[in-house]
Amino acid sequence: MTPAGLNLRIDPARLWDSLEEMAKVGPGIAGGCNRQTLTDADSEGRHLFRAWAEAAGMTMKLDRMGNMFFLREGAEPGLLPVAMGSHLDTQPTGGKYDGVLGVLGALEVVRTLNDMGVRTRHPIMITNWTNEEGARFAPAMLASGVYAGMLTEDYANARQDAEGKTFGAELDRIGWRGEEPVGAEKFHAMFELHIEQGPILEAKAKDIGVVTHGQGLWWLEITYTGKDAHTGSTPMSMRVNAGRGVAQMIEAVHQIAMRHQPDVVGAVGQMNVWPNSRNVIPGKAVFTVDIRSPHQGKLDAMRAEVERAARDIARGLGLGVELEAVGHFDPVAFDPDLVKVVRAQAEALGFSHMDIVSGAGHDACWVNRVAPTVMIMCPCVDGLSHNEAEKITPEWAAAGSDVLLHSVLEVAGVIA
């Protein structure tokens, strides 16, 4: 029996109730969530999800990065599982759906299979990846990066937050470090459902985004060092203003991105100046440049131009300069066969759809390097994400989860 022959749909109300219930864990101050990785709220969310998954008959394995793997047995022993999942951690002012939809949508898939008594050849697995956001411990997608062999455990454990606490110590503190070696769980395939985090699907009135590629990125941290001085008594011609360097780099990054259009974005995001006083010229500035493109050549060229501009601006202003790459992954082409599966299932279910490139990084971008992987996207209102006002509709969540359900069944195989 093929998935097309199964008149299966997830329970939209049950999925929405799960999303709303998880949102109560680590609530934000404006209707969203603050469930940052390895906090007590993260631990509480993990406990809640574990209870739900085990109630659905799944068994948990936990690796040394705190990645959670829940298994629904398949009919044929020895076959690798078909995985689906995302992340439960959020930004400090995050929404209710970024990442969480991919985990709870996967759970709803398993609940639906249980309700209908559907057996699959391959086992089904749900994953919750640790520290996807990178808000507390940079870089983003940290634990899936270790899983894929792109980062080392020692590197991950040594990452520090703003208070100097390390990833490893906090993982141990909340009690979610497992014994399983990282990377021990192998996948036949992996699907990640996610909100778009951009405005394209809503603007084009499409229910489903079939994600063919993911943008590569560089995060470049730049430090300018000048001289603290009084803003009132220091002549303009004698200032060594680190803040002015940041201002010029903001425009330089914008112009570099515009020169490489199309399919390129770039901006200065995080920035700090010292001593950050009203009447003191900044003597030090630290800021991060974020550049992205699905084209490797453009990404490499932009990095070279940003670094050259940073040094030229420093030289022109008499500033000291240091540059460090603090985050990176190459552009991703998701598995073409899985892309075809998602496209075909969206079509069969009657959902409007389009191919799309993910503008944000996701755990699937790392996992794709060690197992066939694809992403499914649903719209979000005004493209808003990483914001407590992030919003999707129950209908969008259900459509994405239905496509996930039928895509997973197509790959896992259904026992008649």
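User: OK, contact here means heavy atoms within 4.5 Å. With that in mind, what covers the buried residues of α2?

Analyst: This is a predicted model. In it, the cover over the buried residues of α2 includes the helices α1 (12–23), α3 (100–116) and α6 (167–174), along with the strands β1 (59–62), β2 (68–72) and β5 (124–128).

User: And which residues of α2 are buried?

Analyst: Ala 41, Asp 42, Ser 43, Gly 45, Arg 46, Phe 49, Trp 52 and Ala 53.

User: How many residues does α2 have, and what does it reach end to end?

Analyst: Helix α2 runs over residues 40–55, which is 16 residues, and spans 23 Å from first C-alpha to last. That's close to the 22 Å expected.

User: Switching topic: what's the strand order in the open sheet of four strands?

Analyst: The order is β10-β12-β8-β13, and the pairing is antiparallel. At the edges sit β10 (265–274) and β13 (320–329), each pairing on one side only. From one strand to the next, the twist averages 15 degrees.

User: Which helices pack on that sheet?

Analyst: Helix α8 (residues 242–259) does, touching β8, β10 and β12, and its direction makes about 175 degrees with that of β10. Helix α9 (residues 296–317) packs on the sheet too, touching β8, β10, β12 and β13, with its direction at about 5 degrees to that of β8.

User: Back to β8 and β12: how many bridges?

Analyst: Ten, with β8 (residues 216–225) and β12 (residues 284–293) antiparallel. In one of the pairs, Gly 216 has Ser 293 of β12 as its bridge partner.

Definitions and conventions: Residues numbered from 1 in each chain as written. Predicted model: local features only at pLDDT ≥ 70, side-chain atom pairs only at ≥ 80, totals over all residues. Heavy atoms only, no water. Helix = DSSP H or I, 4+ residues; strand = E, 2+ residues; numbered from the N terminus. Expected span 1.5 Å × (residues − 1). Buried < 20%, exposed > 50% of the residue type's maximum accessible area, 1.4 Å probe, protein only. Pairing = 2+ DSSP bridges. Axes fitted to C-alpha atoms, helices over the stretch in contact; angles between N-to-C directions.
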